[in-house]
Amino acid sequence: MPEPKIIGFLCNWCSYRGADTAGMARLKYPPNVKIVRVPCSGRVSPELVLRTFREGADGVMVLGCHIGDCHYSTGNHRAAKRMPVLKKVLEYSGIDPERLCVNWVSAAEGERFAKIITDFTETIRALPPLTEEMTWTKG
Amino acid sequence: MDQRLEALLQTIQKVLPDVDGIIGLKVNAAGHIAPHLFRKEAPAELDGLAIWPKYPTPDTLRLIQKAHPGAKLGMVVRGCEERGVVEMFKHAQVDLSNISLIGLQCTREEAEFCRCAKPYTAHAKLTVGEPIEGVPDPVTEGFLAKTREERLEYWKEQLVRCIKCYGCRNVCPQCFCNVCALEDEKWVGTGWLPMPLPPMYHLVRSMHMTAKCVACRECEEVCPADIPMAIQYRLIAGDVKEMFGYETGVSMDEKPPQLLVLAEGEFERTGLPH
Ligand code: SF4
Ligand code: SF4
Ligand code: FES
């Protein structure tokens, strides 16, 4: 099985710094996640997540500040409203909603970051490549 | 003449002297049904008054109001059309202060045709016909019983026929954005048939109908490929109710979740970690 491709959208103010903290502490976690730094988890539109799948990602992560800690006060409320619905859209489309991970990581939570990345990579590893599922049925 | 049509005609005749016009449906020369603005200056036009097949009139109201902002109007609405104008009102697309709604209650046969859960109006002061209970939706229930793999297969079978004509978007009373994401090359590519998977057009549309779809099923009705896409919108409406306590098109003043800042205790219901 090829290694799964995962894209992680990390908010600049908490989760991205949480990744730094994990790196500084030399915590080990799988290298599958390619990180995209975004200003806020609220910046990540459902369209962006869908396009990321369309481009061949097997899993997508949206990580932001804990609720109440968003740099823009309620930016992560947007994520908290849209992403659960997007998971439902995936579910009703026959795409495993587990392929989308939404979670909160603060700048101090290096260990939490490493654990979320490790767990999600394992989840995605257990699934077939998405591109394999995204082909028209012959016949 | 059909009893309900007769009653509707009488109601319209009662309202007509007090308004500039009434939006309803009329049979045209070719025998097709289309929205029409009935006016007291042309009473003979009421001979063509029609009720079935239904036709989405909320957008007609929006367009007339754009051209004639202060007009005092009446409007014949079924349950779905009433929900349509209520939702448009909350998104600042129509002004209801000068509008008298005339509720037309659907028959069981009509409700079954639409697999409708709410074939009745709730706000219209004047109503025609007896309201009935909602009917089951076997298509959506059947879909829900499928496994994930079967759902994927099901949509492949359905969506392979989609010619991306945009009919479902064009007919939708809740698709009133000036700029449509479905026309943005970033999200929905052009030049392929069938569309590449994942089906961006349909995934984005499902997302955008969240807390907006009023379950009129005009999209399915208009689709030249008979794609039952409203299955998804209906299921998502159920989730939105569960997660945010919001029901589309029901109350005039309840804020849609798009405009909400979630309160303490509301995150739990979205199923996200907190
Ligand atoms: S109306 Fe039907 S064929 Fe046309 S874009 Fe919508 S789903 Fe596709
Ligand atoms: S049923 Fe279809 S046409 Fe009607 S509001 Fe929902 S998405 Fe729009
Ligand atoms: S800034 Fe981190 S979620 Fe908004």
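How much space lies in the largest pocket?

## Largest pocket

The largest pocket of this predicted model holds about 920 Å³ of space. A pocket is an open set of points on a 1 Å grid over the protein atoms alone, where a 1.4 Å probe fits, with protein on both sides within 12 Å along at least five of seven lines. Volume is the space filled by probe spheres set on the points, which are joined across faces, edges and corners.

Lining residues (an atom within 4 Å of a point) number 34, and A:R82, B:M207, B:H208, B:K212 and B:Q258 are the closest to the centre. Helix α3(A) gives the largest share, six residues. Helices are DSSP runs (H or I, at least four residues) numbered from the N terminus.

## Second largest pocket

About 390 Å³ of space lies in the second largest pocket. Its lining has 18 residues, with B:A117, B:K118, B:A215, B:R234 and B:A237 nearest the centre. Helix α10 (residues 230–244) of chain B contributes the most, five residues.

Domain 1 (3–128) and domain 2 (138–245) of chain B both supply lining residues, so this pocket lies between them. The domain bounds come from an automatic or database domain assignment.

## Ligand 1

The residues around ligand 1 include B:C162, B:C165, B:C168, B:H202 and B:C223.

## Basis

Residues are numbered from 1 along each chain as written, with chains lettered from A and ligands numbered from 1 in written order. Local features need pLDDT of at least 70 and side-chain atom pairs pLDDT 80 or more, while totals for chains, interfaces and linings use all residues; side-chain values use heavy atoms, without hydrogens and water.

Conventions
A residue is near a molecule or strand if one of its heavy atoms lies within 4 Å of it. Helices (H or I, at least four residues) and strands (E, at least two) are DSSP runs, numbered from the N terminus.
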